[in-house]
Amino acid sequence: MNDHHQCFTPDHFFALAWQQAAAVVGRTSPNPPVGAVVVHDGQVVGVGATQPAGGPHAERVALAAAGHRAQGADLYTTLEPCTFHGRTPPCTEAIITAGIRRVFFIARDPDPRMGAGATPVLQTAGIEVHQITSGAAVVAEQLAPFRCRVQSGRPLVTAKYAMTLDGRIATAGGDSRWITGSAARTQVHRLRDQVDVIMVGVSTVIKDDPQLTTRLDQHWRMPRHPLRVIVDSRGRTPLEARILSPDLPGQTLIATANPDPVWMSAVQEHGAKVVQCPSDANGRVALKPLLCYLAEQGHNHVLVEGGATLLGALHTDGLIDEIWAFIGARIVNDALALAPMVGSGVPRMALAHTYRLRRVEQYDQDVLLIASSIAAPWWNIEEVADVYWDCGRDGNSCSHCR
């Protein structure tokens, strides 16, 4: 008699778990996107993903789906189960109550409220616990924004720009439409759908008049319109800018240092929120306190889309974690045309900041390079270095952005 019973490996179950997590990337902040699978006698009996803030975590969703079949089953989860009371009770409690036999997880939870972690809590209840490396690279990518916020006190910062083959983001006259084709631009909207904040400098608003919304036709889930943040030190955002239109979905926030009270009142009447931040030595918005403020509001991931001055300032302050550089197959051939970043520069190439190339993708005739800063450990799930940034250091308290 033929036995048609399929035997699946732990790799298969973890693949299901990270697929669950992938479905909620950009929807769970300040929590991480996590996937979980409950397996009984080699068969999947429950799956789950983290719900929006305040909702159940992935483990609880999967256990609820499994019901009584969770008794004596194995639990596979992309992140170590939580041990503390937050908006929801500890997942370790639910795991113990459900009668789970073994727990397998990939990444440790860096939240300091975890104490000694889930392993001793579950082992005390007689549950086997194993940390494995299957799918670690994929899970690390999913968890990077959360890990950055928890361990550094600020959101993960992704810099995005499109440039020509000779490294220009526009002509000398400022025209930039379009450096890349429609396929590459659609990928930008997919990225917007996965982040919490889109940030630009006020010069970009004045020159390009962007909407900064997410436009995806026939997307597999309802597109998200992240919080739009304009860094506008002196209050120059035009009242007629499209980004202030009351018809736009989502919300707009303007971070400023020394605004005119009349202007501030006017933009607030347009529905935008204005926060006043401490200024740096040049009288511009201090970027570290602004990012820390956004972390306090529960944002894990910030996408910065320009302009060159803002990107240069973030780079100088060591605040760019990764770069998405789209390269269009065009040549401008003009020394006066803008480069992606404008800053003080370095005198020797040996002093240039180094990035690690993580991925290369092609969209028709355009190429996307994704690189992470070598100083950013968020993609290494084994990284345990203490990189916490004290938000109150040098008087730059996050509470100053209000």
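H2 (58-66) and H3 (91-98) pack at an angle of about 20°, with their axes 9 Å apart. Axes here are lines fitted to C-alpha atoms, for helices over the stretch in contact, and angles run from 0 to 180 degrees between N-to-C directions. Helices (H or I, at least four residues) and strands (E, at least two) are DSSP runs, numbered from the N terminus. That angle makes H2 roughly parallel to H3. The class covers angles under 35 degrees; over 145 counts as roughly antiparallel, 65 to 115 as roughly perpendicular and the rest as oblique. The crossing of H2 and H3 is left-handed. Left-handed means that the near helix is turned anticlockwise from the far one by less than a right angle, and right-handed that it is turned clockwise.

This is a predicted model: local features need pLDDT of at least 70, side-chain atom pairs count only at pLDDT 80 or more, and totals for chains, interfaces and linings use all residues. Residues are numbered from 1 along each chain as its sequence is written, and side-chain values use heavy atoms, with hydrogens and water left out.

On the H2 side, Glu-59, Arg-60 and Leu-63 meet Cys-91, Glu-93, Ala-94, Ile-95 and Ala-98 of H3. Contact means heavy atoms within 4.5 Å. The residues of this H2 and H3 contact divide into five nonpolar, no polar and three charged. In this scheme Ala, Val, Leu, Ile, Met, Phe, Trp, Tyr, Cys and Pro count as nonpolar, Asp, Glu, Lys and Arg as charged, and the others, Gly among them, as polar.

H1 passes H5 in a left-handed crossing. Trp-18, Ala-21 and Ala-22 of H1 touch Val-138, Val-139 and Gln-142 of H5.

### Nonpolar cores

The largest nonpolar core has 38 residues. Such a core is a set of buried Ala, Val, Leu, Ile, Met, Phe, Trp, Tyr and Cys residues joined through side-chain atoms within 4.5 Å. Buried means under 20% relative accessible area, exposed over 50%, and partly exposed in between (1.4 Å probe, protein chains only). Val-38, Leu-63, Ile-95 and Ile-100 have the most contacts inside this core. H1, S1 (35-40), H2, S3 (74-79), H3, S4 (102-107), H4 (118-124) and H5 each supply at least two of its residues. S4 gives the most, with five. Val-38 touches, beyond residues up to four places away in sequence, a list of residues including Val-44, Leu-63, Leu-75 and Ile-100. A second, separate core holds 33 residues, among them Val-304, Leu-319, Ile-323 and Ala-325.

### Helices H9 and H10

H9 (287-296) is largely enclosed by the rest of the structure, because eight of its ten residues are buried. Those buried residues are Leu-287, Pro-289, Leu-290, Leu-291, Cys-292, Tyr-293, Leu-294 and Ala-295. Gly-298 follows H9 and has a positive phi, near 95°.

H10 spans residues 308-316. Its buried residues are Ala-308, Leu-310, Leu-311, Gly-312 and Leu-314. They pack against S6 (156-163), S7 (197-201), S8 (227-231), H9 and S11 (301-304). Just after H10, Gly-318 takes a positive phi of about 70°.

| Residue | Relative accessibility | Class |
|---|---|---|
| Thr-119 | 17% | buried |
| Pro-340 | 12% | buried |
| Trp-178 | 49% | partly exposed |

The contacts below leave out neighbours within four places in sequence. Thr-119 lies in H4. It touches Glu-80, Phe-105, Arg-108 and Val-129.

Pro-340 is in the loop between S12 (322-327) and S13 (355-363). Its contacts are Tyr-161, Met-163, Gly-167, Ile-169, Ala-308 and Leu-311. Pro-340 and Gln-151 are 189 residues apart in sequence and 28 Å apart in space, C-alpha to C-alpha.

Trp-178 sits in the loop between S6 and H6 (182-192). Arg-185 and Arg-330 are in contact with Trp-178. The C-alpha atoms of Trp-178 and Gln-251 are separated by 26 Å, at 73 residues apart along the chain.
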